[in-house]
Amino acid sequence: MAKKARILVVCGTGIATSTAAEARIQHWLNERGYKVQTSQCIASEVKAKASRFDPHAIVTTTKIKIIKVENEDGSVMHVVDDIPGIPAFNGVPFLTTIGEEALVDRICAAIDASEKN
């Protein structure tokens with residue numbers, strides 16, 4: 001059974017770069033056997049959208065405040081400021097293709113580690 005994956009894609013206008021990144025995310029995750037659902041928003045809406053959509057990960061193609069959090073087990077996760085527990089990733093590799101597969105690996109690891117359905 002395919003694991004479900006919800007990805008929130010954030011950009012400056014909610015149109016151009018998030019649409020391009022969203023298409024690449026869907027391609028990669030479908031290819032790896034995930035049942036992926038994506039949603040887009042602009043940076044100023046990310047907190048509200050994340051609370052409604054409950055994503056496994058947030059991917060951003062614009063500048064938003066991402067902080068580094070050290071978990072109790074010593075692992076490190078990056079999250080959007082004020083949105084704890086949801087890993088956040090710089091999505092620029094989905095636009096440039098440089099480092100894209102490594103980014104997909106990290107996103108998949110975050111989804112697999114999540115206890116969300």
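This is a predicted model: local features need pLDDT of at least 70, side-chain atom pairs count only at pLDDT 80 or more; totals for chains, interfaces and linings use all residues.
## Overall fold

The protein has 4 helices and 6 strands. In sequence order the pattern is β-α-β-α-β-β-β-β-α-α. The radius of gyration is 13 Å, close to the 13 Å that the globule rule gives for 117 residues, so the protein is as compact as a globular protein of that length.

The C-alpha trace spans about 35 × 35 × 30 Å along its principal axes. Of the 117 residues, 41% are buried. Among contacts with a separation of 6 or more, 63% join residues 24 or more positions apart.

## Helix 1 against helix 4

Helix 1 covers residues 16–31, and helix 4 covers residues 100–113. They pack at an angle of about 70 degrees, and their axes are 11 Å apart. Angles of 65 to 115 degrees count as roughly perpendicular, and helix 1 and helix 4 are therefore roughly perpendicular to each other. Their crossing is right-handed.

Which residues make the contact? Helix 1 supplies Arg 24, Trp 28 and Leu 29. Helix 4 supplies Glu 100, Glu 101, Val 104, Cys 108 and Ile 111. By class, the residues of this contact comprise 5 nonpolar, no polar and 3 charged.

## Arg 6 in strand 1

Arg 6 sits in strand 1, which runs over residues 4–11. Is this residue buried or exposed? Its relative accessibility is 14%, and the cut-off for buried is under 20%. Arg 6 therefore counts as buried.

Leaving out residues up to four places away in sequence, Arg 6 touches Gln 37, Phe 53, Asp 54, Pro 55, His 56, Ala 57, Lys 116 and Asn 117. One of these partners, Asp 54, is taken up again below.

## Thr 60 in strand 3

Thr 60 belongs to strand 3, residues 57–60. Thr 60 counts as buried because its relative accessibility is 3%.

What does Thr 60 touch, residues up to four places away in sequence not counted? The list is Val 10, Ile 66, Phe 89, Asn 90, Gly 91 and Val 92.

## Val 80 in strand 5

Val 80 is part of strand 5, residues 76–80. With a relative accessible area of 4%, Val 80 is buried. Val 80 and Val 59 are 21 residues apart in sequence. In space they are 9.9 Å apart, C-alpha to C-alpha.

With neighbours within four places in sequence set aside, Val 80 is in contact with Val 46, Ile 58, Ile 64, Lys 65, Ile 66, Ile 86 and Ala 88. Ile 66 is in contact with Val 80, and Ile 66 also touches Thr 60.

## Positive phi in two loops

Most residues other than glycine have a negative phi. Asp 54 has a positive phi, near 50 degrees, and is not a glycine. Asp 54 lies in the loop between helix 2 (46–53) and strand 3. Its relative accessible area is 36%, so Asp 54 is partly exposed. Arg 6 is among the residues in touch with Asp 54.

Thr 97 also has a positive phi, about 70 degrees, although it is not a glycine. Where is Thr 97 found? Thr 97 is in the loop between helix 3 (93–96) and helix 4.

Key. Residues are numbered from 1 along each chain as its sequence is written. Side-chain values use heavy atoms; hydrogens and water are left out. Axes are lines fitted to C-alpha atoms, for helices over the stretch in contact, and angles run from 0 to 180 degrees between N-to-C directions. Angles under 35 degrees count as roughly parallel, over 145 as roughly antiparallel, 65 to 115 as roughly perpendicular and the rest as oblique. A crossing is left-handed if the near helix is turned anticlockwise from the far one by less than a right angle, and right-handed if clockwise. Contact means heavy atoms within 4.5 Å. Ala, Val, Leu, Ile, Met, Phe, Trp, Tyr, Cys and Pro count as nonpolar, Asp, Glu, Lys and Arg as charged, and the others, Gly among them, as polar. The radius of gyration is taken over C-alpha atoms; the globule rule is 2.2 Å times the number of residues to the power 0.38. Buried means under 20% relative accessible area, exposed over 50%, partly exposed in between (1.4 Å probe, protein chains only).
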